[in-house]
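Colleague: I'd like to learn how to read cores, interfaces and sheets from a model. Could you walk me through one?

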Amino acid sequence: MSELLQFVLSGVTVGAIYAAVALGFTLIYNASGVANFAQGEFVVVGGMTAAALITAGVPVYIAGPLAVIAGMIVGIGLYKLAIKPAGKAPLVSLVIITIGSSIFLRGVMQIVFDKQIHRYEGFSGDEALRFLGATILPQSLWIIGGSIFVFALLAWFVGHTKAGRGIRATASNRLAAVLVGINTGRSMNLSFALSAAVGALAGVLATPVTFTTYDAGVLMALKGFSATMLGGVGNPFGALVGGFAIGLIEAMTAGYISSDYKDAAAFIVILAVLFVMPQGLFGRRTTERV
Amino acid sequence: MSLAKLGACASALALLVATPALAEIKIGASLAVTGPASFLGDPEAKTLEMLVKQLNATGGINGEEVELVLYDDGADPNKARTFATRLIEEDEVVAVIGGSSTGATMAMAPLFTDAEIPFVSLAGAVVIIDPVKEYVFKTPHTDRMACLKIFEDIKKRGMSKIGLISGTGGFGKSMRAQCLDVAGEAGVEIVADETYGPGDADVTPQLTNIANTAGVEAIVNPGFGQGPAVVTRNYAQLGLKMPFYQSHGVASDSFIHLAGDAANGVRLPATPMLIPGKLADDDVQKAAVTSYIADYKATYGEAPSTFGGYAYDAFNMVVNAIKAKGSSEPQAIRDGLEETSGYAGVTGVYTMSATDHLGLDLTAFRMLEIQEGTWVPVE
């Protein structure tokens, strides 16, 4: 019993990190239809900036917000300098631009920070919490809480604010959005800034558990993207469920079957789901009018 | 005139003006200075550059200056192969140091064998020198030796049943295979065998399974990079108490920093470079270890890593071979390297032979334990 609980807690910890990354994907996809492969780098920018500041003696409650702002600046930079100049380039080109940007960002981070592995103390210490024979780190609770908070915030923002609705309108039909007076440029800009902030926040929260290096973003983006696909692209609730599902599948496989097949099991489940439901668990069925 | 042309003219002029005062010995190197294995290649390259500068400042080898031709292969075997060709055909080097990774080394080895140029690898795997290749040497201990050293210590503590948790990266995979292979020979039994991915953030399920396996007495974690630090933290999180061993792959202060308090009590086999202050005065390696660390700190403002030490030993053995043979012909250097006997470097004491192109035995490893955030030798 206690071992099942330990596997669940492990899965939820890891899943919350995947979910936080997946939520960032969702936002940019919602605005532009682009799967942003530099999303993992936002996470690393957050983690590395926080680590550098904390090492320099800045208290964590200041370093954290500063790291999120740094992530936001990188996100806006990515949009203004790489995506916007590409203008009306087809989606595939934009996706490739994000891949290029991620490689560029990794290079810059090697120079700005360094090539070492970084970590800092958990916000509430590193002493494990015990209950019913299983253990969890207090930082894991921060990560889980953070993911759910970001989800709630995004769901409210996209569904219930004017700026959020503007983002959705921009995504579904840019020309029509312009015609009804939505500033689509601003919507795009906003979505990149928010998405980067979400990514950086994930980095700040997760670094005490996952550690971070300049190139940790690749794996983060891969897992986060998988979570997005599983949950349904563009749906924040799907991103949340997808992230937790992948984390739990990995932990259960490692616990009950074999740790060798952990990653494979997650991908098999994703493939199986996508065969039956190509739009993911909670994705909208898209129909195009011809 | 374009800038490029101007530059070309300037360098042509410089060539005309500069007449070589001394003959030069060209030593090549191809290291992973950047890329995923840069934590290996970066200190290795810095070490070589520092040693060459030092050597030339003190008159070179037998009055001849040494020139280092250094390429950055980024641990990519394809690039390494290209650079190997360039080192042989264009640079005409007399010896080559490098290959930070096993992949890059194995890609280059056949080329240097064909060109009959001695090649000293800085990579870990045992396949580099087993079977012995005439022109290929290496300086780091093998992962097989690390397994034997760990098992020897476990036996000494009166235990024999081991739970293995290995990273799936190249290093962890290779060492896991070697540990499984030598377990019988060392008289221990692997009763649990788990793995984790290089980027995994939580391995508590794997550790829970090991802890629940009947009879497990000690845990061994072959791995590299951040994985072992995550495993160590999870080990402490679960409150496990059995002896816990890491490999030489994490023998650096950054491991203690990353694993924090959880690292206390962890043992691992490592080189004397981690305990310069705790070496006995009559320790044959003390002189090399203290001078290398002091020089490196003075030059780069940071302490050198174990990996830089591999380059230190490789370079010095090449230099010693040239001095001993009084010749910088590739063939002479090869013979000189093979005749290396009792060279006390920072990694260990090397004695090579026609059948042993590594020249280290288990005594080169010191068993260390982390106590209150510092390395303490286990007697």
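Modeller: Happy to; we will go from the core to the chain contacts and then to the strands. This is a predicted model, so to speak of its ground rules: local features need pLDDT of at least 70, side-chain atom pairs count only at pLDDT 80 or more, and totals for chains, interfaces and linings use all residues. Residues are numbered from 1 along each chain as its sequence is written, while chains are lettered from A and ligands numbered from 1 in the order in which they are written.

Colleague: Which residues touch the most other members of the largest nonpolar core?

Modeller: In soluble globular proteins, nonpolar side chains tend to be buried together. A nonpolar core here is a set of buried Ala, Val, Leu, Ile, Met, Phe, Trp, Tyr and Cys residues joined through C-beta atoms within 7 Å. Buried means that 20 or more other C-beta atoms lie within 10 Å of the residue's own, with C-beta atoms placed from the backbone. The largest core has 204 residues, and Ala200(A), Ile97(B) and Val318(B) touch the most other members. Helix H1 (residues 2–32) of chain A gives the most to this core, 17 residues; helices (H or I, at least four residues) and strands (E, at least two) are DSSP runs, numbered from the N terminus. In chain B, domain 1 (3–142 + 286–361) and domain 2 (143–276 + 364–377) both contribute residues, so the core lies between them. Those bounds come from an automatic or database domain assignment.

Colleague: How many residues of each chain are in contact?

Modeller: Contact means C-beta atoms, placed from the backbone, within 7 Å. By that rule, 27 residues of chain A meet 24 residues of chain B. H1(A) supplies the largest share of chain A's side, seven residues. That side divides into 12 nonpolar, eight polar and seven charged residues, where Ala, Val, Leu, Ile, Met, Phe, Trp, Tyr, Cys and Pro count as nonpolar, Asp, Glu, Lys and Arg as charged, and the others, Gly among them, as polar.

Colleague: In what order do the five strands of the open sheet in chain B come?

Modeller: Two strands pair if DSSP finds at least two bridges between them. Here the order is E2-E1-E3-E4-E5 in chain B, with parallel pairing. Strand E2 (65–72) and strand E5 (136–138) of chain B stand at the edges with a single partner strand each, so one side of each has no neighbour in the sheet. The twist averages 25° from one strand to the next; axes are lines fitted to C-alpha atoms, for helices over the stretch in contact, and angles run from 0 to 180 degrees between N-to-C directions.

Colleague: What covers the faces of E3(B)?

Modeller: In a regular strand the side chains alternate between the two faces of the sheet. In E3(B), Ala95(B) and Ile97(B) on one side and Val96(B) and Gly98(B) on the other are all buried, and both faces are covered. Ile97(B) stands opposite Val120(B) in E4(B), and Gly98(B) is the bridge partner of Ser30(B). Helix H4 (residues 102–115) of chain B packs on the sheet, touching E1, E3, E4 and E5 of chain B.

Colleague: Which residues point each way from E8(B)?

Modeller: Ala218(B) and Val220(B) point one way, Ile219(B) and Asn221(B) the other, and all are buried. Ala218(B) is the bridge partner of Ile162(B), while Ile219(B) stands opposite Phe244(B) in E9(B).

Definitions and conventions:
Buried ≥ 20, exposed ≤ 12 C-beta atoms within 10 Å, placed from the backbone. Contact = placed C-beta atoms within 7 Å.
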